[in-house]
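Good morning, colleagues. Please have the sequence and the model open as I speak.

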Number of protein chains: 2
Amino acid sequence: MSEMAYEFDEILEQIHHTLKTDDKQQFKEIFLENHTYDQAQIYLSLSEEQRQLVYQYLSPEDMAPVFEIIEEDVEDVEEYLREMDERYAARMLAEMYADNAVDILQQVQEDEVRKYLRMMPHKTSNEIRNLLNYEDDTAGAMMTTEIIAIHESQTVGSAMTTVKKMAEEAETIYYVYVVDEENRLKGVLTLKDLIVHKEDVKISEIMVDRVVSVEVQEAQDAVAKMIRDYDFLAIPVVDEEEKLIGIITVDDAIDVIDEEATSDYSGLAGVDVDEQSVNPFIAASKRLPWLISLLFLGLTTAALLSRYEGIIGQASVLSIFITLITGTAGNAGTQSLAVAVRKIGLNEDESVFVKTILSEVATGIISGIATGLIIFVVVGLWQANWILGGIIGVSMFFAITVATIAGSLIPLLIDSMGFDPSFASGLFITTVSDLTSVFVYFTIASMFLEKFLGI
Amino acid sequence: MSEMAYEFDEILEQIHHTLKTDDKQQFKEIFLENHTYDQAQIYLSLSEEQRQLVYQYLSPEDMAPVFEIIEEDVEDVEEYLREMDERYAARMLAEMYADNAVDILQQVQEDEVRKYLRMMPHKTSNEIRNLLNYEDDTAGAMMTTEIIAIHESQTVGSAMTTVKKMAEEAETIYYVYVVDEENRLKGVLTLKDLIVHKEDVKISEIMVDRVVSVEVQEAQDAVAKMIRDYDFLAIPVVDEEEKLIGIITVDDAIDVIDEEATSDYSGLAGVDVDEQSVNPFIAASKRLPWLISLLFLGLTTAALLSRYEGIIGQASVLSIFITLITGTAGNAGTQSLAVAVRKIGLNEDESVFVKTILSEVATGIISGIATGLIIFVVVGLWQANWILGGIIGVSMFFAITVATIAGSLIPLLIDSMGFDPSFASGLFITTVSDLTSVFVYFTIASMFLEKFLGI
């Protein structure tokens, strides 16, 4: 790795030099020799002035692969497009695989999109327009339409001819799909099947007719999960009539898995964990909105606590255990929430939700009893006061049970409101469990206060 | 999806029926028609008695693909192996791709491993023995040794012959690697390159000679990240002398990405988030160890608080703000920790660590100032007491600054001790930030106590 990093720095230096000396030939040679991922890294390291030179040196066809990489995670894509000549940008977008062009166009203003589409070949703009219509986060929005489809009456030899002809255009040539006259998906073969069989073998003899496919409306995380489970390199996408309309490749599945995992983690931590900046002002400005929201939500707990100030004044020992109860209940709630977020992410079935909640109620009660008993004994011994131990133990039991149930309900509620269940999940569970814990604790404490003070 | 689920239930029923009627022929037909992922799901749904029949019906060669799927996430693999005839198990393991056989053997006791290896063909057992020697979580432990390697002096036609010959054995035939006489990696081509070029073209003319590869000692998450970034289907693995020794395929990269993301998330939440069970006793038994650890760590905060009971007795209003300060500092610490965990996961470079910590110190101070000022004003107005506001504000500032720094240091410390930086991270940050927050708060409060009580 360190060797590679060194080499890359050297390449960057050479690139900058060719730009400075306006040496187009040398630039093209060095730049195009790199893998597209590295080309993208080079491109991203340039200033606008330097990028303008690159647009002169490289054709839209050369730039297209660079933007296939960039679409995945760069926020400035719109700016890049705008600084290009319009026709250059349109040609580059047309050269890209339709799914990646769509990913980029989704970040661009609508009138700009229309402008680019008008400048493209009719067939391409139609393909892209269709894909743009699919709902975000569905198979339709993930798929590309450049696929290799053959008929079952073809032979291996004629299929190979089709594959060779489509090789430049298709995003993957390693799966070949078999369709009938009405374009309905009938079978699948791998390129491996084609090369190991004789030329005159009929496709119908060697194809696999149990094809795993996804419907165009399928959620993107379910699609990614299928590709992962089946170890596929790609999965075909069909419409309601089983007609083959697209393909989703494994690289897009990885991006979705990564994205979902990051958003779950970010939701729990209350921060965009992929924040790239080391500038502390930018980092703080991204974290503060969450932190201040949590602060104000925390004030509700403080306000509730202030109602019990009188009790605390009479028995200040009670204050010692506030953080213990809110903290432990918060942890139990976070556990249950994290499990629920993953379950929702992996499953769409409503019956699972009901089962999950019932199971969490029971889990909460069991955890509550265990934890409550332990703290009853510990506090009883420590403070040599079994009534205080009882108050803390019973409060802990109720607080944990409520927090555990809340932990599984919150992501379900957020999900049913149409948001990502991980969204702000850490924020809600902390607030809810703090409030209920404080309420439970002081309600129980005040019930036993006289007895407690009497000792 | 629902249609598929329906179909799958039907297949399961048929399978159970063929087992009941001891209909070997029918069983084989139905079972082998399925995709290997579904075969694995069928196998996992069977009782031990039924599995014993399956071992009679299916050859070790038939079972091998099923276990390629199962290795990824099933804990009972050792049990399955033990219930098989030893020779059957050894033959099945020998039939598997070496990397997957290794994954399974890592879950098996050493003397059992030796027994299986003795029953395998010499070449296979040697391959597996070599792989078993690589450190866990490195490229070496992820890779498989079944690769297609050719020489640059070969032609496209002769390369195709090699590919066809190796097609059954190699895990992927879509990348073909070019090596010199000493097996040093020189270039790469895709199967696509081979099929679009004429038979007599020299490999050296069409191969890409800038090959992206990983060293055998490379960490598995760095490897997975490279496959993801470059959109590779596989990446070659080389030893210190640049000799080609293996290949890592994209399906294994997905598993690593998934696994890392899950372990980060689990570490923050203090629970194995992939817990499958809906049995609340099992769920509770898995969560309680964490919860009780957190409880005892929380007791340290309670013990610290008990030292300040006297102060609270004099000014019970102070107790209202304990959870607000510990909670907000805990959130700031969690944000900083989550960012640090991801940065460590993605990067191996030490200079990044130093930069990260310096940046977190500054971010903590900025966040602390902003949050402290807000709470100063809010508490000052709410309690009509600006000294109290000042105490809370200054405490908040220090508590957040310390927690933010601790949040970036904790995963670094865990990492430098050789553990996964996400391990128990949520547990440590909560405890550390609670303790420091309480200490800071009451130290400052006691400094101003006389002034405060004097009002």
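I shall begin with the conventions, and then turn to the domains, a strand and an arginine.

This is a predicted model, in which local features need pLDDT of at least 70 and side-chain atom pairs count only at pLDDT 80 or more, while totals for chains, interfaces and linings use all residues. Residues are numbered from 1 along each chain as its sequence is written, chains are lettered from A and ligands numbered from 1 in the order in which they are written, and side-chain values use heavy atoms, with hydrogens and water left out.

Chain A is divided into domain 1 (1–132), domain 2 (149–268) and domain 3 (280–453); such bounds come from an automatic or database domain assignment. The centres of domain 1 and domain 3 of chain A, taken over C-alpha atoms, are 50 Å apart.

In chain B, consider strand 5 (residues 234–238). Strands are DSSP runs of E, at least two residues long, and helices are runs of H or I of at least four, both numbered from the N terminus. Five of the five residues of strand 5 of chain B are buried, so the strand is largely enclosed by the rest of the structure. Buried means under 20% relative accessible area, with a 1.4 Å probe and protein chains only.

Strand 5 of chain B pairs in the antiparallel sense with strand 6 (residues 244–249) of chain B over five bridges; pairing requires at least two DSSP bridges.

Finally, B:R51 lies in helix 4 (residues 48–57) of chain B. B:R51 is buried, with a relative accessible area of 6%.

Key:
Buried means under 20% relative accessible area, exposed over 50%, partly exposed in between (1.4 Å probe, protein chains only).
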